[in-house]
Amino acid sequence: PTVEPRCTGHIDEMIAMIETLIAKDCAYEAEGHVLLDTTHVPDYGKLSGRSLDEMIAGARVEVAPYKRNPADSVLWKPSSDAQPGWESPWGRGRPGWHIECSAMAEKHLGETFDIHGGGIDLAFPHHENELAQSRAAHGTDRMANVWMHNGFLQVEGEKMSKSLGNFITIRQVLKTPIAAAGEGVATAAEEAWQVQWNGLCARLSMLQTRYREPLDWTGRRFAETGDELLRWYECLRSAEFDARRDQAVPDTVLASLADDLNTPAAITHLRAAYSERNADLLGAGMALLGILDPTFVERDDLLLFNRALGIDDAQVTRIEAMIKERLAARAAKDFARSDEIRDTLAGEGILLK
């Protein structure tokens, strides 16, 4: 972000917006408070899809005797000597929760802007009141052209929280060892590769859930995503895909993303491209989703992936020699030896494709 505004740096803007709302008869003062008059806001409740009764009964809506209407939200409230406070036309006090964002958005983005995001828990009352205040103050029919609310984050089927002890950060995910076999022996360079790889896997794992649905982070999905992504990179490598040239955006993937960021549908198209060994479509789609790293396409020794499988360098040399011997046997039509090598490797858990 180019600007990271703080509420405390925009008190003057908040007071000015509240004065505008009062002047337009969309707000009123009562017992040291200033409140938004929701009856003067057309379509109030439309954003969150709530009826008036639901909004009154909803969370964080205080029913107080000084309110004209139970759903009216606080724009300014008095502060005691022990509380943070600023001087205002209505006495020393502090802003309500919702007016802060309206004032900062107006200053840095204008009266209307393109996209407003946030968690689904903010749709009401925060975003509903934010929208109402901004529309009333500016006389516009909208605040943002698009509102996007993401679903809750869960871990292994439960809501993530510190109290449950299932709190995890992206930084922790990036440093997760790919396999126990690699612990304690990885060099600094290999650890750097691992962080890069984990980042790609984490991104693809999360993109498999549409942003407005609950996102369930599981270790199993993370591991399975790594397996799938490895197969995709192997496909690009075998096709000698040039990952550093500008990629034409695949129409099918773009259409999915244009449909309210339907990332699961976009990934389905990438899976189809992989099944068809269409490296151009697969690579271009991966680039668009931010999971194409040219260094992994160009990396020949696959050291990172070998370590993930618990295979050391000596084993790699032996396996590659066996593969070359098998190719030579096939070329010489010695299919018995070719099959013997294939079966030996299969017994070690190595499948030749």
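**Sheets, helices and ring pairs in a predicted model**

User: Where does Gln154 stand?

Analyst: This is a predicted model. In it, Gln154 stands opposite Asp216 in β9.

User: How do β7 and β9 pair?

Analyst: Strand β7, residues 153-155, pairs with β9 in the parallel sense, over three bridges.

User: What sheet is that part of, and what's the strand order?

Analyst: An open sheet of three strands, in the order β8-β7-β9, with mixed pairing. The edge strands are β8 (158-159) and β9 (215-217), and each of these pairs on one side only.

User: Ok, zooming out. How many helices and strands are in the protein chain?

Analyst: The protein chain has 14 helices and nine strands. It has 353 residues, and 42% of them are buried.

User: What about contacts between residues at least 6 apart in sequence? How many of those join residues at least 24 apart?

Analyst: In the protein chain, 67% of them do.

User: Back to sheets. What is the order in the sheet of four strands?

Analyst: The order is β1-β2-β3-β4; the sheet is open and the pairing is antiparallel. Its edge strands are β1 (27-30) and β4, each pairing on one side only. On average, neighbouring strands of this sheet are turned by 20° against each other, with direction ignored.

User: How many bridges do β3 and β4 pair over?

Analyst: Three, in the antiparallel sense. Pro78 stands opposite Gly93 in β4.

User: Which strands does α1 lie across?

Analyst: Helix α1 lies across β1, β2 (33-36), β3 and β4. It runs at about 115° to β3.

User: And how does α1 pack with α3?

Analyst: Two packed helices are described by the angle between their axes and the distance between the axes. For α1 (residues 11-23) and α3 (residues 97-109), the angle is about 100° and the axes are 9 Å apart. That makes α1 roughly perpendicular to α3.

User: Which residues make the contact?

Analyst: From α1, they are Glu13, Met14, Met17, Ile18 and Leu21. From α3, they are Ile99, Glu100, Ser102, Ala103, Glu106 and Lys107.

User: New topic: how many aromatic pairs does the structure hold?

Analyst: Five. One of them is formed by Trp76 and Trp90, with 5.9 Å centre to centre and 55° between the planes, and it is tilted. Trp76 is in strand β3 (residues 74-78), while Trp90 is in the loop between β3 and β4 (93-95). The two are 14 residues apart, and the pair links distant parts of the chain.

User: Are Trp76 and Trp90 buried or exposed?

Analyst: Both Trp76 and Trp90 are buried.

User: Why is the pair of Tyr233 and Phe296 edge-to-face?

Analyst: The planes of the two rings are at 65°, so the pair is edge-to-face; the cut-off for that is over 60 degrees. The ring centres of Tyr233 and Phe296 are 6.0 Å apart.

User: Where are Tyr233 and Phe296 in the chain?

Analyst: Tyr233 is in helix α7 (residues 219-238) and Phe296 is in helix α11 (residues 294-298). They are 63 residues apart, so to speak of this pair is to speak of one that links distant parts of the chain. Both Tyr233 and Phe296 are buried.

User: Which residues do ring pairs link into a cluster?

Analyst: Trp197, Tyr233 and Phe296.

User: Last one. Which ring does the charged end of Arg68 sit over?

Analyst: The ring of Tyr28, at 4.0 Å from its centre. The charged end of Lys159 sits over the ring of Phe152, 4.6 Å from the ring centre.

Terms used
Residues are numbered from 1 along each chain as its sequence is written. This is a predicted model: local features need pLDDT of at least 70, side-chain atom pairs count only at pLDDT 80 or more; totals for chains, interfaces and linings use all residues. Side-chain values use heavy atoms; hydrogens and water are left out. Two strands pair if DSSP finds at least two bridges between them. Rings of Phe, Tyr and Trp (its six-membered ring) pair if their centres lie within 6.5 Å; planes under 30 degrees apart count as stacked, over 60 as edge-to-face and the rest as tilted. Buried means under 20% relative accessible area, exposed over 50%, partly exposed in between (1.4 Å probe, protein chains only). A charge sits over a ring if NZ of Lys or CZ of Arg is within 6 Å of the ring centre and within 35 degrees of the ring normal. Axes are lines fitted to C-alpha atoms, for helices over the stretch in contact, and angles run from 0 to 180 degrees between N-to-C directions. Angles under 35 degrees count as roughly parallel, over 145 as roughly antiparallel, 65 to 115 as roughly perpendicular and the rest as oblique. Contact means heavy atoms within 4.5 Å.
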